[in-house]
Amino acid sequence: MAKPTKPTDKPVVAGAGRAQRAQSAAADGGGDLPAGQHTSDADVAAFVAKMKSVGPLATGARGRLIFAMDATMSRAPTWDMALAHQAEMFAAVKAVGELDVQLVYFRGFGECRASKWVSDPDALARLMTTVSCQGGKTQIGKVLGHARAEASHGRVSSMVYVGDCVEEDIDLLCAKAGELKLVGIPVFAFQEGRDATASVAFKAIARITGGAHCSFDHGAAGQLRDLLTAVAVYAAGGRQALEALSDRSGGAGARRLLQSLPAPRSAPKGRN
């Protein structure tokens, strides 16, 4: 019987010897989905459907998305359900653009691993199903440091992180987030549950990097799947795909995501 492919090509190693410092200037108003605007299933479904209708974008390069998961024991009760939805999210990407994905996860006693870059959604789904939860503390700092290292080998479009708690120094996580801001990697932090400490940390990381934070409850796995799909499509097609939807009927989801992202820089005006 053939052994399943395991997403353990390389361990993620934390930086050693010195604290990393980075400026983390944040865009005003960025980070969260707008306060008081809870995403409905209808809004998200319309957003994803419209985004898939945009068609492939000729960007000249494949998008690269890091998909990171907390695989510690606290997520075990909903792991199988979340895993199924997370594996489904990349199926819609082919309709909009080309995307390579790298799976990163942590669990157990210091285990943090990254897969090879994968372009086939089915292959990624198989990789995900080989991961199971094990007890241990969060290693978000390692994940952020890994994303920064990957950017030195090629542009990373964005990073998705799915987790439920934070057991690390938030100031140090913000410093690492500042490094991702400097290399242009927005972090989309999807929080399972309502842990207050995790909310503070995830909001800060999203705000600093120019990404977005969104929490979801255990019964909202369908929304998680559709929101993750939207971010994956954003990584494949860029802001242009979102802007193409924002003025159309059913584009409420696109408008919300655009509102959570920093405004694009305008070209300087010439002198008269």
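Hi everyone, let's start with helix α6, which covers residues 196-209: its 14 residues reach 20 Å from the first C-alpha to the last, close to the 20 Å expected at 1.5 Å a residue. Please keep in mind that this is a predicted model.

How does α6 begin? At its start, a side-chain oxygen of Asp 195 comes to within 3.2 Å of the backbone nitrogen of Thr 197. At the other end, just after α6, Gly 210 has a positive phi of about 85 degrees. And which residues of α6 are buried? They are Ala 198, Ser 199, Ala 201, Phe 202, Ala 204, Ile 205, Ala 206, Ile 208 and Thr 209.

Now over to His 146, which sits in helix α4, residues 140-151. Is His 146 buried or exposed? With a relative accessible area of 8%, His 146 counts as buried, because the cut-off for that is under 20%. Its side chain makes a polar contact with the side chain of Gln 102, at 2.7 Å. Setting aside neighbours within four places in sequence, His 146 is in contact with Lys 10, Val 12, Ile 66, Gln 102, Val 104 and Ala 114.

Last, a word on confidence. The chain averages a pLDDT of 73, and 57% of the residues score at least 70. Over residues 33-39 the pLDDT is below 50, and this stretch has 14 contacts in the model beyond near neighbours in sequence. Residues 54-59 also stay under 50, with 13 contacts beyond four places in sequence.

Note on methods: Residues numbered from 1 in each chain as written. Predicted model: local features only at pLDDT ≥ 70, side-chain atom pairs only at ≥ 80, totals over all residues. Heavy atoms only, no water. pLDDT = per-residue confidence, 0-100. Contact = heavy atoms within 4.5 Å. Helix = DSSP H or I, 4+ residues; strand = E, 2+ residues; numbered from the N terminus. Expected span 1.5 Å × (residues − 1). Buried < 20%, exposed > 50% of the residue type's maximum accessible area, 1.4 Å probe, protein only. Polar contact = N/O pair within 3.5 Å; in protein donor to acceptor, adjacent residues only side chain to side chain.
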